[in-house]
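Please have the coordinates open alongside.

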Amino acid sequence: MKLKIEAIATLTPGIRKFTLAPVDGSPLPHAGAGSHVVLEIPGPSRIWKNAYSITSAADAPAYEIMVRRVEKSRGGSAWLHDHAKLGDVLEVYPPQNLFAPQRLAKRHLLLSAGIGITPFLSYVRLAGLAYEFHHCCKPEDEAAFRALLPSGPQMTLHTSRHTLNLEALLKSQPLGTHLSVCGPESFMDMVLATAAHAGWPAAKVHKESFGGATGGEPFVAHMKRSGVTVTVGREESLLDAMEAAGLAPPCLCRGGACGECKLTVLEGVPDHHDHYLSEIEHAANDAVMTCVSRAKTPELVLDF
Amino acid sequence: MKLSLKPQETYRDDYTFSNSDEAILRFPFPFPEDGYMYSVNMEPHVRGGATPVYDKVFDVDEHYIGDMADRAITLDQDPLRCQVLPHMETAEWDTLELLMESLANDYPEHFSLTKNGDKWHWINRPLEIDQTFTFGRKETLPYDPFEYITRQMQGDFSLQDQRDNNLYMDGGMVTSQADWSLNFDVGMSFHEWHGPVPLAHQAGVFDRALQYLLRLQYGKPVRRLNWTMTANPRLDTSPENYPLWGPEKAAITPENVGHRMCLRVELQTLHRLPRSNAILFSIRGYLIRLEELVKVKKWAVRMHRVIRDLHPQIAEYKGLPRYRQYVVDYFAPFDDGRTLNSGIAAEQDSI
Ligand code: HEM
Ligand code: FES
């Protein structure tokens with residue numbers, strides 16, 4: 001869908017907030033707490049696809065996202081910081097949710113650092129959510145984050161690692177608490193390691209993820225029998241590419257489960273992402289499920 | 001094509017239910033091939049496709065009024081047919097919105113929804129309902145939101161919470177089930193509630209289906225067809241009411257099998273719900289008497305082959321053994337040995 005940048009605000013020198021509204025005023029798909037959207041961001045040589053948590057409410061007329069300028073940026077965040085302007089129209093994929101709050105949790109312990117605050121801004125908006133929230137940031141960003149966060153005894157902002165005693169915090173949680181963590185990888189790794197050490201069961205620990213195993217490096221597939229060669233782009237599946245080339249390969253579920261789309265691999269090594277083939281079949285590398293799997297070699301030759 | 005609704009039919013006692021010729025031709029015949037085995041037979045639920053019942057997000061047909069009246073009777077007798085666990089309240093509102101929007105969008109002559117902020121106005125003309133309410137405030141509706149809307153949509157529904165890499169059946173409206181019980185299954189996980197199904201566990205069908213569903217995306221519903229057979233066009237074949245329908249099964253004879261016996265097909269669609277991240281499972285059932293089914297030549301021939309060759313454990317699970325031979329004998333005269341095209345299309349325009 002096409003969304004236009006309706007507002008831009010600078011929250012800290014490194015973080016900007018964007019409001020994205022439908023071009024034609026039509027209602028947006030709802031973005032439940034924990035959802036993210038993927039934006040297509042124009043770059044000089046290619047289009048970047050970046051995922052951002054939605055911080056606005058599920059029924060809001062526009063999506064709000066926050067973008068941190070990534071040092072040595074791959075491109076997307078730099079463009080949003082340096083070039084994006086009001087009225088720019090971006091291609092945005094409908095929201096998906098891989099970090100929804102656990103509805104059965106009696107209590108939530110939310111831990112975030114820096115830009116990792118974003119999914120929790122939608123969590124704390126949920127009516128009746130029982131939570132304890134600790135957010136860590138640089139001292140110079142304190143005022144900006146405080147303005148975003150709720151106030152009250154359940155909320156603590158840390159500007160120094162020393163005021164957050166992770167070990168004690170994780171050991172003192174009442175039974176039935178779920179831990180959710182979001183922030184830089186190093187921060188999440190540290191929290192997860194501490195939680196594991198403190199005896200937290202994996203089912204009660206949740207880490208932000210944007211998933212997105214669909215795309216990957218482009219590769220070429222030759223169809224031996226039909227004599228057709230297709231180039232599979234970064235964001236499309238082998239199945240999509242074959243269909244776009246006018247072929248009609250078998251398929252049903254388009255999600256790696258039904259087994260319909262299996263093709264024999266004559267040359268090259270597939271990169272398996274399906275749930276259909278067994279481990280042994282995966283290791284044999286002589287079949288590929290075209291709807292989700294890709295290639296480890298630059299080229300595949302398929303019996304089709 | 002404009003949808004016209006029949007006056008109320010019955011699904012119990014005198015069983016006045018029958019299909020018009022149009023309804024027969026649009027029946028979702030479940031067998032694309034001459035044989036049947038469990039598989040992960042799932043595909044994106046996009047409009048159009050092998051049968052007209054795929055044309056709408058939620059299909060309404062000529063039996064709507066009778067279906068809803070029968071649901072009301074069953075709920076009256078057994079309120080536990082509708083249960084939703086407390087943590088699914090957001091999913092209830094998600095369901096209400098999805099159903100109201102889909103119905104109003106797909107059948108504007110019968111349903112309408114007007115939203116003014118959280119003040120909503122819902123009109124259901126066939127059931128003569130005109131309701132204004134506040135979205136998110138259940139005290140403004142005569143029932144809880146999930147029950148309210150599923151009393152107005154054909155087919156059963158269940159609500160699945162996703163957690164611990166699994167799905168849990170944490171709510172539902174189930175009044176037209178093929179011999180399973182919501183009251184028994186509520187709170188169970190995907191593999192637990194599928195426990196009684198033979199063969200499919202060993203074949204890895206449920207492991208794969210679960211992985212597929214865990215990745216189900218908002219705005220990209222999926223579907224599959226499932227089937228069984230029922231003696232008389234009865235919607236409520238629940239374990240609780242077995243004493244009512246068990247004897248009707250036993251009363252099937254070679255003479256009455258064509259009229260009484262029904263093929264029962266479920267169009268199952270699965271929808272990721274946006275606010276709650278839960279999954280709505282819709283089990284939209286269709287019944288057809290065998291004497292109606294044989295009006296489509298291809299289906300009559302294929303039915304003969306499928307039922308004749310059905311794996312005994314699947315036949316047993318579906319409760320067929322008692323009358324399976326009568327069904328095979330009923331269809332046998334139609335099967336002249338011809339080769340049939342694969343696919344479920346009727347391949348005829350009229351009856
Ligand atoms: C969340 C979604 C689903 C729900 C709530 C659900 C529920 C059920 C229930 C209650 C039964 C009856 C079990 C019994 O005998 O007590 C059943 C049967 C079955 N289910 Fe599912 N199911 C779901 C998804 C699926 C999917 C995705 C598949 C894909 C292959 C599947 C395949 C089957 C099969 C093959 C049977 C046996 C049906 C028969 O032979 O009549 N189910 N399901
Ligand atoms: S289409 Fe089902 S596994 Fe690929």
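**Entry 1: an asparagine in chain A.** I began with N285(A), which counts as partly exposed at 24% relative accessibility. For these labels I took buried as under 20% relative accessible area, exposed as over 50% and partly exposed as in between, with a 1.4 Å probe and protein chains only. N285(A) has a positive phi of about 55° although it is not a glycine. Most residues other than glycine have a negative phi. I placed N285(A) in the loop between α7 (279–284) and β16 (287–289) of chain A. Helices here are DSSP runs of H or I with at least four residues, strands are runs of E with at least two, and both are numbered from the N terminus.

**Entry 2: ground rules.** This is a predicted model, in which local features need pLDDT of at least 70 and side-chain atom pairs count only at pLDDT 80 or more, while totals for chains, interfaces and linings use all residues. Residues are numbered from 1 along each chain as its sequence is written, chains are lettered from A and ligands numbered from 1 in the order in which they are written, and side-chain values use heavy atoms, with hydrogens and water left out.

Entry 3: D179(B) lies in the loop between β7 (166–173) and α5 (182–185) of chain B, and at 42% relative accessibility D179(B) counts as partly exposed.

**Entry 4: chain A overall.** I noted 7 helices and 18 strands in chain A. Of the 304 residues in chain A, 47% are buried. Along the principal axes, the C-alpha atoms of chain A fill a box of roughly 70 × 50 × 35 Å. Taking contact as heavy atoms within 4.5 Å, I read that 59% of the contacts in chain A between residues at least 6 apart in sequence join residues at least 24 apart.

**Entry 5: an arginine in chain A.** R234(A) lies in the loop between β13 (228–232) and α6 (238–244) of chain A and is partly exposed, with a relative accessible area of 30%. Leaving aside neighbours within four places in sequence, R234(A) is in contact with R46(A), G215(A), G216(A), E217(A), P218(A) and R294(A).

**Entry 6: the iron.** Which protein atom is the donor to the iron atom of ligand 1? I found a single one, NE2 of H194(B), 2.0 Å away. Donors are N, O and S atoms within 2.8 Å of the metal (3.2 Å for Na, K and Ca), and water is not among the atoms, so sites may look incomplete. H194(B) is found in the loop between α6 (190–193) and α7 (205–214) of chain B.

**Entry 7: α7(B) and the cores.** I then followed α7(B), where 8 of the 10 residues are buried, so this helix is largely enclosed by the rest of the structure. A nonpolar core means buried Ala, Val, Leu, Ile, Met, Phe, Trp, Tyr and Cys residues joined through side-chain atoms within 4.5 Å. The largest has 66 residues, and L213(B), W227(B) and M229(B) are among those with the most contacts inside it. α7(B) gives the largest share of this core, 7 residues. Apart from it lies another core of 33 residues, including M88(B) and W93(B).

**Entry 8: rings.** I paired rings of Phe, Tyr and Trp (its six-membered ring) with centres within 6.5 Å, calling planes under 30 degrees apart stacked, over 60 edge-to-face and the rest tilted. The count comes to 24 aromatic pairs over all chains. The rings of Y36(B) and Y38(B) have centres 6.0 Å apart and planes at 85°, so the pair is edge-to-face. Y36(B) is buried at 15% relative accessible area, and Y38(B) is buried at 14%. Y242(B) and W245(B) are also edge-to-face, with centres 4.7 Å apart and planes at 80°. Both lie in helix α8 (residues 242–250) of chain B, 3 residues apart, about one turn of the helix.

**Entry 9: the interface.** How many residues does each chain bring to the contact? I noted 21 from chain B and 22 from chain A. The area buried between chain B and chain A is about 2,000 Å², with 53% from carbon and sulfur atoms; buried area is the accessible area (1.4 Å probe) that two parts lose on being put together, summed over both. R208(B), Y218(B) and R275(B) supply 30% of the area that chain B buries against chain A, more than any other three residues.
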